[in-house]
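Here is a short report on helix packing and charge pairs. The sequence and structure come first.

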Amino acid sequence: MRGLTARSVLFALTKDLIPLYAVYALIFADHGLSVAQISSLLAIWSVTSFVLEVPSGAWADTVSRRALLILSAVLLAAGFAVWTLFPSYLGFAAGFVLWGTSGALSSGTFEALLYDDLAARAATPAYARILGYTRAAAESAALAAILAAAPLYTWGGYPLVGWSSVFVAALHILAAMAMPSAPKAVSAGEVEDLEDADEADSPPGEFEYPRVRTVDAPAFVPESASLSRYLHMLRTGVREALRVRVIRRGVLLAALLNGITAYDEYFALMADEAGVSPAVASLLVGVTVAGALAGAFLSGRTESMRPRTMAWTLTAGGVLFIAGALLSGLAATHPASVHLLTGVGFTLIGVAYGLNYNADVIASARLQDAIEGPARATVTSVSGVATEVFALAVFIFAGSAATLLSISTVVALLGIPLLATALLATRWLPRSHVSSAPGGPS
């Protein structure tokens with residue numbers, strides 16, 4: 001169990017230890033791109049993930065998930081290399097396509113690999129705790145990278161920040177190679193029997209799989225069988241995500257909580273609007289990442305949170321987020337208090353981000369508990385598609401609203417969905433049916 005946790009944490013750590021994360025919005029702006037153009041780049045990123053999310057999820061249910069994670073890491077490194085070598089709109093767009101493809105390949109794949117590995121150990125109650133550790137590792141890495149971005153920029157400007165990111169992404173490839181090759185939920189030979197049994201037993205209008213045992217996939221499957229298995233997993237996962245009510249609601253809630261965090265793409269621009277230097281801006285963004293880190297780290301303690309509690313938590317987060325963005329906006333008109341106002345404002349945003357992030361981890365873990373069919377990665381990828389839809393909505397709104405409003409006002413308005421999500425949590429949060437078990441949290 002410790003080995004699995006360590007490898008999962010290392011994978012998440014190297015994926016987000018990227019100094020570019022702190023300043024890429026500033027790089028775009030410094031190369032003459034407007035907020036609308038930056039939003040269009042973010043939209044390209046989101047659309048790429050949207051198009052590839054579910055097909056890659058079904059692929060992860062068909063072939064080696066570890067191999068897909070390795071390919072994802074290679075594309076991530078390539079994307080940052082393109083940004084550094086070709087700092088133009090087209091270069092940035094190409095980098096986002098590579099990054100979006102990388103994200104689609106790993107989204108759902110990592111979670112399914114981890115959950116199935118735990119299922120093979122009869123230790124699925126540990127999933128929320130380990131997922132919290134990996135999310136905390138990712139945020140810790142992002143925080144360290146953000147803090148490192150300031151001296152890297154001072155020493156070598158944006159090129160040094162870029163090549164440092166490429167180097168870390170290369171380490172992420174090695175971390176992906178170290179991940180376990182978890183067995184699939186069913187073997188290729190069992191697929192047709194399972195499908196026939198499910199179609200015969202499922203009542204009209206409802207689709208639900210029984211728990212299935214975890215077995216090793218065969219070493220070789222003919223090409224026709226592989227295609228059949230892929231199409232089956234694609235159909236099975238999408239059908240389960242859309243037709244099982246508890247999973248459908250869980251998919252949407254997790255997607256909402258994750259998708260609305262697209263607001264973090266505008267934190268650096270909000271700090272820049274306030275009038276602080278790029279180095280200070282990276283530190284302010286780091287404050288928000290610290291909040292997300294705390295939220296992820298505490299998810300093991302809050303995994304039994306009831307829907308009503310989550311609703312109140314998200315309500316508080318929405319209020320703090322809006323207040324923090326408005327306070328930061330005041331700094332632009334009060335230059336004498338710029339550091340005080342941005343410091344307090346970004347701290348409030350960081351607390352709100354942590355509350356949102358904690359709820360996201362819990363909702364994601366409850367979703368994995370609810371999935372009962374063999375196409376776990378596909379179902380998770382359906383949630384990823386919904387996430388990209390909500391993120392794309394954020395980018396479109398921000399790109400349009402920024403032509404009329406200040407960035408801080410736009411970000412404050414993006415806190416309203418947090419309040420709306422709080423209303424949905426009371427009915428949409430799946431209840432945890434996994435209590436403590438050997439290897440799980442006490």
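Is R121 buried, partly exposed or exposed? R121 is partly exposed, at a relative accessible area of 38%. Buried means under 20% relative accessible area, exposed over 50%, and partly exposed in between (1.4 Å probe, protein chains only).

## Basis

This is a predicted model: local features need pLDDT of at least 70, side-chain atom pairs count only at pLDDT 80 or more, and totals for chains, interfaces and linings use all residues. Residues are numbered from 1 along each chain as its sequence is written, and side-chain values use heavy atoms, with hydrogens and water left out.

## Salt bridges

A salt bridge is a side-chain nitrogen of Lys or Arg within 4 Å of a carboxyl oxygen of Asp or Glu. The count is three.

D117 pairs with R121, the closest N and O atoms being 2.6 Å apart. D117 is buried, at 8%. D116 and R65 meet at 2.7 Å, N to O. D116 lies in helix α6 (residues 109-120) and R65 in helix α4 (residues 65-85), so this pair ties together parts 51 residues apart in sequence. Helices are DSSP runs (H or I, at least four residues), numbered from the N terminus. D116 is buried at 3% relative accessibility. R65 is buried, also at 3%.

R135 and D360 form a salt bridge at 3.4 Å, N to O. R135 sits in helix α7 and D360 in helix α15 (residues 338-370), 225 residues apart. R135 is buried at 13%, and D360 at 3%.

## Helix α16

Helix α16 covers residues 376-401. Of its 26 residues, 19 are buried.

Definitions and conventions
Helix = DSSP H or I, 4+ residues; strand = E, 2+ residues; numbered from the N terminus. Expected span 1.5 Å × (residues − 1).
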